[in-house]
Amino acid sequence: MRLEFLEAGPALLVCRTRKVLVAADLHIGIESDLALHGLHFRSRSHDRMKRVLACVEESDPDLLVLLGDVKHTVPLTTRQEYRELPGILEELRKSLPLRVLPGNHDSGISRFLREDELLAREGALIDGTGYLHGHTYPDPSLSGHLIVSGHHHPMVTLKDEVGCSLRAPAYLLADVDERCLRMNAAGEEASRQTRVLFIPALNELAGYDIGRTVREPFSPLSRCMRTDDSEVFLADGTFIGPLATLEDYGDDQEP
Amino acid sequence: METIRSLDLAVQECVRVRGFSRLSDVQAQSIPLVRKGRNLVLIAPTGTGKTESAMIPVFDAMRGHPGGGFRTLYITPLRSLNRDMLQRLAWWCKELGLTVGVRHGDTPQSERRKQALSPPDLLITTPETLQAMFMGKVLRRHLANVRYVVVDEIHELAAGKRGAQLAVALERLVEYAGEFQRIGLSATVGNPDEMGRFLCGARPFQVVSVPVAKHLEISVDFAGDRFEKQADWVSREIDRHASTLIFVNTRVTAEALGHQLFPRGDVEVHHGSLSREVRIEAEERFKSGAIRALICTSSMELGIDIGRIEHVIQFGSPREVARLVQRVGRAGHQLEAVSRGTILATGFDDLLESLVIADRAKAGMVEEVTPPRNAADVLANQVAAMAVEYREVSRERVREVIGRSYPFQVPGPLLDEVVSQMEEHGLIRVDGDLIRSSGRSRKYLAGNLSMIHDERKMSVYDMVSRKTVGTLDESFVVGWVHTGAVFITKGQLWRVLDMEDGRITVEPARKAKGELPSWEGEQIPVPFPVARDVGALRKSRDFSKYHPNSETLRFVLRFLEEMDRNRSPVATDTEITLENAPEGVICNVCAGHKANEALARVISILLSARYGTTVGIEIDAYRIYLRLPPELRSGEVREILLSLEPGHLEGILQLAMKRTALFKWKLVQVAKKFGAIDPDADYERLSIHKLTDLFESTVVQKEAYRELFSNYMDVGRAARIVSLLREGDISVILSHLSILGAEGLFSSRDQISPPSVDQAVISTLKRRLDQQEVVIACMNCRKWKSRTVVSRTPDPLVCPICGARLIAVLKPWEEPLLAQASRRTRSEEDRAVEVRLLKNANIVLSSGKKAVIALSGRGVGPENASRILSTLAEGDAFYREILKAERNYIRTHRFW
């Protein structure tokens with residue numbers, strides 16, 4: 001298996017027998033939610049779709065997997081989503097087959113998808129790799145595989161001596177405790193190695209500090225990962241090192 | 001006399017009753033002009049009958065041409081001035097059979113309704129309320145009758161965005177009322193014509209101005225640099241006059257001085273953070289003569305009437321000529337009387353600055369007021385206002401109306417940029433040439449009638465006493481406060497340990513360096529020309545034209561002689577000295593606050609880029625203090641300074657400022673005024689970094705830079721210093737730390753240190769530790785434990801069951817550890833817990849009560865406790881060690 005990090009997304013290309021392009025957390029419709037909270041901006045959905053298409057162009061994949069939170073508003077579907085989603089999905093479909101692992105923001109997404117495009121919330125195994133949005137316990141069938149997951153919007157903060165910081169989308173790779181994830185059948189010993197790869201959100205407004213996810217885990221996967229030998233990569237695949245190298249977890253000194 | 005006789009008979013009678021047997025110069029000049037229908041700017045010190053000069057002919061004309069609706073608008077910048085004006089003008093109106101009303105934010109609904117039904121002839125209001133009046137159909141109809149608009153304290157309004165907004169509002173008024181007569185009343189400014197242009201746009205106007213100098217009698221005094229001495233001096237001065245107004249520059253000083261003088265029983269304090277009732281009472285007591293002195297901040301500068309003032313004391317340099325003239329102008333309060341004022345200088349910088357400012361005041365060299373031009377957020381605000389006012393309006397009409405106002409002449413491409421930004425965030429809709437209001441515009445407008453930024457308050461939490469000690473304005477915090485910063489509030493020094501969730505955690509600080517920011521942005525910047533003159537005076541040492549008294553002169557000369565004796569070169573207007581200080585380099589540059597701020601930021605960003613190090617900066621009007629690692633000395637700073645190009649400063653600053661909290665805060669403020677962010681927006685939704693990214697290269701970002709570079713720093717003047725350096729007109733000299741360089745560093749001017757903060761901190765800590773609840777448990781028999789507080793723990797601690805002295809002391813939340821350590825089958829982790837508990841008990845065994853106290857400190861475990869105990873510190877030193885450990889804990893464990 002080979003992984004390619006596509007910075008233009010950010011998105012991930014997983015190659016085994018087929019080439020699968022994975023993009024997570026588009027959050028189409030985020031602008032109307034922000035507006036509801038007093039922050040008004042134009043919709044940038046189209047730019048986001050263009051970035052996915054640029055990755056398609058660049059990597060020529062056989063399949064596109066959207067790793068959940070394609071839409072933003074729960075539990076309703078907003079006017080912005082009705083307006084934008086059909087066109088965006090159709091545009092993507094035109095280039096290649098599409099699969100969606102529904103996320104916690106995807107209530108009502110089925111009306112925008114064809115029947116075969118919607119996969120299970122608990123994840124799916126495609127060409128030997130597990131895919132899962134990341135807010136649920138994974139299906140036991142993913143055990144022993146690499147699980148690619150969204151939902152966590154990982155982002156790192158790097159500081160240099162002068163104190164300037166780089167805040168960038170990142171990938172986090174970690175072993176997970178299968179028992180903790182309830183992936184073993186009763187009595188079965190955990191023998192296989194299951195790992196999770198959290199991929200950054202395609203939506204540029206999303207981003208959650210990795211350090212905080214580790215300190216205050218908020219999902220089965222983040223609670224059950226072993227952080228001691230986890231690894232952090234930037235969106236272009238640059239290896240940053242184990243979590244421990246990010247000493248200062250991008251705290252919020254600025255108000 | 002002739003002028004009076006030409007007036008309406010009833011008006012003549014009023015003038016006579018009011019005792020104006022003779023017209024003042026201002027009145028004699030201005031009344032005929034107003035009567036002739038000229039637009040007029042009237043420039044005179046407070047108390048020379050400006051209001052009457054404007055209003056007598058206006059009353060005269062109103063008598064001559066009766067009619068309905070608001071016929072005259074009298075606009076002032078403050079509600080409190082509105083009330084004052086109402087009192088003053090109500091008498092005239094009653095005598096003349098005219099109606100008068102006041103309308104501003106506090107006006108009750110019933111009164112508003114009355115005004116809508118039968119509008120008063122004269123309406124006293126604020127710029128913001130005028131904005132609101134355009135939103136109502138009925139009020140708009142009444143506004144169509146306006147013939148006169150009087151803008152009071154126009155210098156105050158013109159200097160800011162409120163003024164730019166008002167200037168547009170006047171043009172919007174023309175759309176209903178047609179051309180009306182404009183009268184501006186201003187304190188003394190350096191550029192009266194600019195005030196006229198601001199008021200009238202391209203229309204003709206005339207200026208009537210009273211020369212300042214002949215009304216002022218200003219002296220400078222010095223009473224030593226100790227605060228008690230200075231307070232004694234003030235006390236003596238109060239005795240010498242019937243009534244005295246004492247101006248100070250900060251609330252902290254007002255409080256401190258008040259504290260010293262209260263025992264006299266005839267002094268009150270008046271400043272902005274006191275409640276309105278307290279302030280009004282102080283004003284009344286002063287007016288009635290119940291007290292003979294009032295200590296006040298700029299709260300008293302504007303023309304609120306508090307009766308006769310014989311003498312004005314300015315405590316510390318007034319920093320600006322305009323401020324001095326305005327403040328001293330409060331004295332004398334009778335036509336053509338001389339205003340007497342004395343500046344009490346408090347140190348070397350302060351004294352020279354005071355001499356220069358007093359001299360410039362006598363020469364009439366008052367600072368210019370620069371109205372902001374093309375402020376994009378004001379433009380957005382007024383575009384939205386017009387969209388709501390007309391529901392749909394052509395872009396051309398907007399361009400025409402706004403373009404008539406002085407702050408937006410030729411709004412051309414800016415208007416288009418602003419309109420498309422507003423359309424993008426849905427504040428207006430654009431349809432070809434038409435601008436329409438959107439669902440959001442009315443709500444936006446209702447929340448943004450004012451260009452004054454509403455400030456959130458952040459609470460300040462003292463880690464030592466574990467109490468909230470006060471609040472700070474968000475702007476002050478974002479601009480000045482960062483982890484490790486020292487600032488003043490409540491008359492005390494504080495160091496910032498942590499900032500989160502709208503709360504600042506601080507500890508009392510002992511030593512202050514540099515001129516400290518004190519709360520709520522009371523910093524008054526010293527203007528460039530004043531700082532240059534001070535530099536020139538340091539060079540010439542010729543004080544003859546300043547007429548200092550002998551004690552003052554002796555102090556200055558002694559200071560300079562000491563500089564010479566120490567072979568310390570004195571920085572002047574043509575010499576910059578770079579002095580190596582213990583923790584950095586002091587650049588003595590006589591360029592004023594704003595130019596120094598710009599220079600300091602440029603130098604620091606270049607130093608940190610070249611040497612990869614963090615540079616701390618502190619500035620005042622005469623020096624820049626760069627905190628540097630030991631390997632960087634004055635030589636390196638000189639190299640950077642000499643490599644600067646005047647044309648590059650702005651570009652460097654744009655890069656440098658982009659990452660700063662100050663810029664981000666400014667950006668958010670501008671975005672709010674643009675309607676892209678609602679006043680009550682939930683920032684949790686989006687990090688401030690993403691937020692600033694979203695405005696990258698928009699007109700919002702451009703405006704944030706424009707404001708930053710004009711209000712907070714003076715890039716132009718900084719560039720001038722750099723040019724002078726390049727041309728060799730300013731030279732750079734390297735030197736050792738001098739008393740002059742250290743002056744700003746160790747004797748902050750606006751700061752009064754309380755007696756021994758250290759002592760106070762320690763005693764608070766002792767109190768807290770004494771009351772700390774603890775769980776004591778025997779680690780020998782493990783059968784006994786008890787809950788108590790530190791002060792009640794016996795010394796030595798002995799287990800009542802087994803008699804052993806192996807007792808662990810835990811904080812209540814650590815109690816579960818006991819069970820963990822005593823489990824029958826113990827995991828590795830449990831073992832480790834047990835080891836720690838035994839260590840804890842051993843420390844208590846060997847050090848007794850001291851160990852109990854140390855262990856009750858926040859975040860102090862056995863390791864920290866044994867480190868503290870191993871210092872063998874006793875008494876206060878011991879507590880200081882605990883304090884250090886707690887501080888360290890807060891810093892390193894901020895997420896626990």
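In chain A, the Glu178(A) side chain comes to 3.4 Å from the backbone nitrogen of Gly144(A), which puts the pair inside the limit for a polar contact (N or O atoms within 3.5 Å; within protein, one must be able to donate a hydrogen and the other to accept it, and residues adjacent in sequence count only if both atoms are side-chain atoms). Glu178(A) sits in the loop between β10 (165-176) and β11 (195-198) of chain A; helices (H or I, at least four residues) and strands (E, at least two) are DSSP runs numbered from the N terminus. With a relative accessible area of 3%, Glu178(A) is buried, where buried means under 20% relative accessible area, exposed over 50%, and partly exposed in between (1.4 Å probe, protein chains only).

All of this comes from a predicted model, in which local features need pLDDT of at least 70 and side-chain atom pairs count only at pLDDT 80 or more, while totals for chains, interfaces and linings use all residues. Residues are numbered from 1 along each chain as its sequence is written, chains are lettered from A and ligands numbered from 1 in the order in which they are written, and side-chain values use heavy atoms, with hydrogens and water left out.

On to salt bridges, each one a side-chain nitrogen of Lys or Arg within 4 Å of a carboxyl oxygen of Asp or Glu. The count over all chains is 69. In chain B, Asp60(B) pairs up with Arg35(B), with 3.0 Å between the closest N and O atoms. Asp60(B) belongs to helix α4 (residues 50-64) and Arg35(B) to helix α3 (residues 25-35), so this bridge ties together parts that are 25 residues apart in sequence. Asp60(B) is buried at 9% relative accessibility, whereas Arg35(B), at 37%, is partly exposed.

Glu128(B) and Arg162(B) form another salt bridge, their closest N and O atoms lying 2.9 Å apart. Glu128(B) is buried at 13% relative accessible area, and Arg162(B) counts as buried at 17%.

Helix α10 turns up again with Glu171(B), which bridges to Arg182(B) in strand β6 (residues 181-186), so parts 11 residues apart in sequence get tied together.
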